[in-house]
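Reader: I would like to learn how to read a fold from its coordinates. Please take one feature at a time.

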Amino acid sequence: MRRKSGIIAAVAILVLFAILGGAVTQQRTILKNDVRLMLVKLKLMPNTGQSPELPIKHKPSDVPTPNAVYYRDGVIVLMYHEVTKTQTDPKALLASKFKEQLELMKANGFHWITMGQYRDFILHHAPVPDNAVLMTFDDGYESFYQDAYPLLQQYQVPATNFVIVNTIDNPKHPGIPKLNWKQIQEMHRHGVDFFNHTYDSHSYAYADAKHREIRALLAGPVYQGKADKESTAQFESRIYKDLLKAQVKLHEEVGNTYDVVAFPYGVFFGKYDQDLQEPGH
Ligand SMILES: [Zn+2]
């Protein structure tokens with residue numbers, strides 16, 4: 001049954017894409033990597049790299065279908081990165097487009113669920129509404145507070161943001177400006193969850209001595225500016241410490257009572273998605 005649900009979750013993504021048109025191109029790539037790998041890892045779908053055929057037929061139309069059932073007992077997980085009013089980065093999604101997507105989902109009878117509901121569905125097969133959608137955002141950009149959060153409030157959408165904890169409230173960290181804890185706590189009081197996207201391992205390092213191949217920091221042993229590659233034990237210790245540090249800080253700042261990790265670039269190594277437990281364990 002769980003396997004069937006997972007397959008439906010995976011293929012249901014296609015229905016939403018059909019309805020939203022090509023508007024979610026950035027998420028499509030990430031869904032392929034993150035969601036498919038996650039479903040494979042959870043043994044909810046076979047590792048074929050192919051999307052199974054859609055079990056429920058529904059022809060996309062220009063007329064809203066608020067009462068249609070596209071899928072049951074499954075969840076679409078949408079993953080966004082930057083949503084901004086003024087598009088400085090071509091990879092960012094314009095807030096006006098994002099608003100259109102919310103409007104389309106609402107008009108076509110999709111039901112947004114919380115991470116808590118998704119967790120109970122995955123772990124305990126708790127029921128979810130028909131056409132369930134989980135909205136997730138990665139990397140904790142400050143624009144999330146400025147431009148995406150007001151729309152989430154307007155449409156009463158529960159959402160999750162996966163943050164790189166050491167970049168929060170850290171002006172020294174390079175890259176796109178990130179959220180601060182004050183903004184995070186305010187949004188958390190109004191239905192946004194914040195979970196672990198590593199403490200500070202959202203990058204790559206060399207995987208071979210000749211520096212030809214790079215590897216995501218959570219994907220396996222690397223050369224981190226040293227002459228020798230770290231051992232498997234050093235690698236294990238490094239990622240365990242990183243993920244735990246992020247988890248402890250998130251517990252302190254927003255009071256999370258359970259933990260969810262989004263692995264950067266959709267890659268992870270062996271058993272580590274299962275091994276991370278409560279702080280102190
Ligand atoms: Zn990321």
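Reader: How many helices and strands does the chain have?

Author: This is a predicted model. The chain has eight helices and nine strands.

Reader: What share of the residues counts as buried?

Author: Of the 281 residues, 36% count as buried.

Reader: Which residues have the most contacts inside the largest nonpolar core?

Author: The general idea comes before the case. In soluble globular proteins, nonpolar side chains tend to be buried together. Here the largest nonpolar core has 55 residues, and Val-75, Val-133 and Phe-144 have the most contacts inside it. Strand S1, residues 75-80, gives this core its largest share, six residues.

Reader: Which residues is Val-133 in contact with, leaving aside neighbours within four places in sequence?

Author: Val-133 is in contact with Ile-76, Leu-78, Met-105, Phe-110, His-111 and Trp-112.

Reader: What should helix H7 span, at 1.5 Å a residue?

Author: The expected span is 1.5 Å times one less than the number of residues. Helix H7, residues 232-254, has 23 residues and should therefore span 33 Å; its end C-alpha atoms are 33 Å apart, which agrees. Among the buried residues of H7 are Phe-235, Asp-242 and Gln-247. Just after H7, Gly-255 takes a positive phi of about 70°.

Key:
Residues are numbered from 1 along each chain as its sequence is written. This is a predicted model: local features need pLDDT of at least 70, side-chain atom pairs count only at pLDDT 80 or more; totals for chains, interfaces and linings use all residues. A nonpolar core is a set of buried Ala, Val, Leu, Ile, Met, Phe, Trp, Tyr and Cys residues joined through C-beta atoms within 7 Å. A residue is buried if 20 or more other C-beta atoms lie within 10 Å of its own, exposed if 12 or fewer, and partly exposed in between; C-beta atoms are placed from the backbone. Helices (H or I, at least four residues) and strands (E, at least two) are DSSP runs, numbered from the N terminus. Two residues are in contact if their C-beta atoms, placed from the backbone, lie within 7 Å.
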